[in-house]
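Dear colleague,

I am passing on the structure below, together with an account of what was found in it. Please read the notes with the model open beside them.

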Amino acid sequence: MNKKTNTWLFILGATVFNILITIISFFVLLLIYARFIIKFIPEAGQAWGFPIIFIGAIALSFVLYRVILKYLLKRFDVEKYFDPIFGRRGQNKIRKD
């Protein structure tokens, strides 16, 4: 495989991974809410739990994704395996007409 294919496969895999992290975070936060927190909230305020859990799952997945991505970028030489999608910075492309 060439670098461009590696780049697109990485983007596809990273997107699927981010969605999975979001879903898992949502269910973990929902489980924690239903098991421990809902007992202490009055019935009128329990409906606010779902939107807060949803936003919390998105925020948690964003943080986890960034931490894991930083670790992977330190571990692997990105220039060796991946090609830039939008071109390299600071280099002008030479047009061949």
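Accessible areas come from the Shrake-Rupley method with a 1.4 Å probe, and for residues only the protein chains shown count as cover. On that basis the accessible surface of the protein comes to about 8,600 Å², with 69% of it belonging to carbon and sulfur atoms.

Please bear in mind that this is a predicted model, in which local features need pLDDT of at least 70 and side-chain atom pairs count only at pLDDT 80 or more, while totals for chains, interfaces and linings use all residues. Residues are numbered from 1 along each chain as its sequence is written, and side-chain values use heavy atoms, with hydrogens and water left out.

The protein has three helices and zero strands, which gives the pattern α-α-α when read along the sequence; helices (H or I, at least four residues) and strands (E, at least two) are DSSP runs, numbered from the N terminus. Of the 97 residues, 11% count as buried, where buried means under 20% relative accessible area, exposed over 50%, and partly exposed in between (1.4 Å probe, protein chains only). If contact is taken as heavy atoms within 4.5 Å, then among contacts between residues at least 6 apart in sequence, 83% join residues at least 24 apart.

Leaving aside residues up to four places away in sequence, S25 touches A57, L60, S61 and L64.

The structure holds one salt bridge, defined as a side-chain nitrogen of Lys or Arg within 4 Å of a carboxyl oxygen of Asp or Glu. The partners are D83 and K4, whose closest N and O atoms are 3.5 Å apart. This pair links distant parts of the chain, 79 residues apart, since D83 lies in the segment after α3 (78-81) and K4 in helix α1 (residues 3-37). Both are partly exposed, D83 with a relative accessible area of 23% and K4 with one of 34%.

Finally, a pocket is an open set of points on a 1 Å grid over the protein atoms alone, where a 1.4 Å probe fits, with protein on both sides within 12 Å along at least five of seven lines, and lining residues have an atom within 4 Å of a point. The largest pocket is lined by 13 residues, of which T7, F10, L73, V78 and F82 lie nearest its centre. The elements giving two or more residues to this lining are α1, α2 (49-75) and α3.

With kind regards
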